[in-house]
Amino acid sequence: MSFFKNLTKPLLGRADAGSTATAVLESPVGEGQKYRLDTVGQVCPFPLVEAKQAIKALAPGDELIIDFDCTQATDSIPHWAAAAGYPVTNFQQVGDASWTITVQKA
Amino acid sequence: MILTGLALGIALGFVFQRGRFCVTGAFRDVWLSGSKRWLTAFLLAIAVQAVLVQGLLGQDLIVAKVPGIAWAAVIGGSFMFGIGIVLAGGCATGTYYRSGEGLIGSWIALLFYAGFASIMKYGALSPFTEQALGEQRTELTTIHESLGISPWLLVAVLVGVTGWLIWQQRVSPQKVARLETTRTGFAHLLLERPWSPYASAVAVGVLAAIAFPLSNATGRESGLGITTPSANIVNFLTTGDVTKIDWGVLFVLGLIPGSYLAAKLSGEFRLRAPDAKTTVRAIAGGTIMGVGAALAGGCTIGNALVQTALFSYQGWTAFLFTFLGVGVAARFFIQTHRRAGAQPVPVTTPDALVRTN
């Protein structure tokens, strides 16, 4: 079990590690309002579908914090943001199979 | 040596989970957002497998059974299967590997899928399946045999199309955000770093090709398959007929621990219960998948990944109609999605920014 523990160890305590995502991009506009979209419990592709719907109502510069727990969205949401030209200002794993990503409307 | 099936299942379960390889998603994305990123990867998996399998077939090193196509059953069954996988949120393989990630909704879909595949193949509905699939089989097996051409011509076309799609995908508009990394070396590469769809596809294609000699060695004349083995598990459990336990059964049973291992080691395993709506969809989707795949003679793996690499009429017809079924279901069940709680809530206090889980 020690091999197993060694591999999982670095993940523990990540929840309070703060905002240290590696790919924090420069924001093109000033500080906007922050919004949270809780999609926890929704299976893929619904977190992405709901994020696309939610961001429509936001003003440029506003940020949308999306909490999700379907694995596939760790691939689909950042790719959607990149394709749409929306900067990702935060992207972290907050626990076992739980993630949060912040997408800024541009 | 049916244990090689278990080993291959574990390996493929691991690859599917880490690679986020989802055929349902690959088809669905084309309809929902026009993205061909994952469809291209899926075609790459078929192309890699086709090169290896045609090479092995040319040297008479493997045998691969290709059924004559029963048009109505394959078209209707695949179309149904396409609708079912959208409802269930994953194809047959996707449902197996998501079960290993702890998604209880996938366990439910899996039970209904395997149950109805068994009912269709061995149970109350087997006369209907026999009439629709068995008795309507034509002599048409592979495209190259019916055209009298070399299979390598078709391999070249497939490789060409796949290469062209990869070329189209080469431009990335912006740097894609990634999670912070905490591991180094092998553990980082295997358990943390996002796998490129192409790397995952090559792994899937190679493992699918290896399945042929391994399963041939146990007397099975086919490669990867999900539906018949799933039906066989139910049949064995309900009748006690041990002859149903073969290489294919151990292969599908290996997918779950393989994906569990990948998810657990990368911190992506958690038991997650579906809400009422997701549960109903899992039951409906699993049922439609079981009926559809039994009629079509395979799922997105048996038909759309393996029979396509053999260039069979059944494989490519199933590929096309599953894709169309996914399109119709995406239109009715995904694009219409509305949820009361799916409203963005303004965040005011800085404390609220840190989600405690």
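Reader: How many residues does the contact take from chain A and from chain B?
Author: The contact takes 55 residues from chain A and 51 residues from chain B, where contact means heavy atoms within 4.5 Å. This is a predicted model, in which local features need pLDDT of at least 70 and side-chain atom pairs count only at pLDDT 80 or more, while totals for chains, interfaces and linings use all residues. Residues are numbered from 1 along each chain as its sequence is written, chains are lettered from A and ligands numbered from 1 in the order in which they are written, and side-chain values use heavy atoms, with hydrogens and water left out.

Reader: Thanks! What area is buried between chain A and chain B?
Author: About 4,800 Å², with carbon and sulfur atoms giving 56% of that. Buried area is the accessible area (1.4 Å probe) that two parts lose on being put together, summed over both.

Reader: And how many salt bridges are there across the interface?
Author: The rule finds 3 between chain A and chain B, a salt bridge being a side-chain nitrogen of Lys or Arg within 4 Å of a carboxyl oxygen of Asp or Glu. One of them joins Arg270(B) to Asp69(A), with the closest N and O atoms 3.2 Å apart.

Reader: Which strand of chain B do the bridges join to S1(A)?
Author: That is S1(B), residues 345-347, joined to S1(A) by 3 bridges and running antiparallel. Two strands pair if DSSP finds at least two bridges between them. Strands (E, at least two residues) and helices (H or I, at least four) are DSSP runs, numbered from the N terminus. In this pairing, Lys34(A) stands opposite Val347(B).

Reader: New topic: is Cys299(B) buried or exposed?
Author: Cys299(B) counts as buried because its relative accessibility is 2%; buried means under 20% relative accessible area, exposed over 50%, partly exposed in between (1.4 Å probe, protein chains only).

Reader: Where is Cys299(B) placed, and what is Cys299(B) in contact with?
Author: Cys299(B) is in the loop between helix H14 (276-296) and H15 of chain B. Leaving aside neighbours within four places in sequence, its contacts include Phe81(B), Tyr113(B) and Ile226(B).

Reader: Which helix does Gln307(B) lie in?
Author: Gln307(B) lies in H15 of chain B, residues 302-309. Gln307(B) is buried, with a relative accessible area of 8%. Beyond neighbours within four places in sequence, Gln307(B) is in contact with several residues, among them Lys65(B), Val66(B) and Pro67(B).
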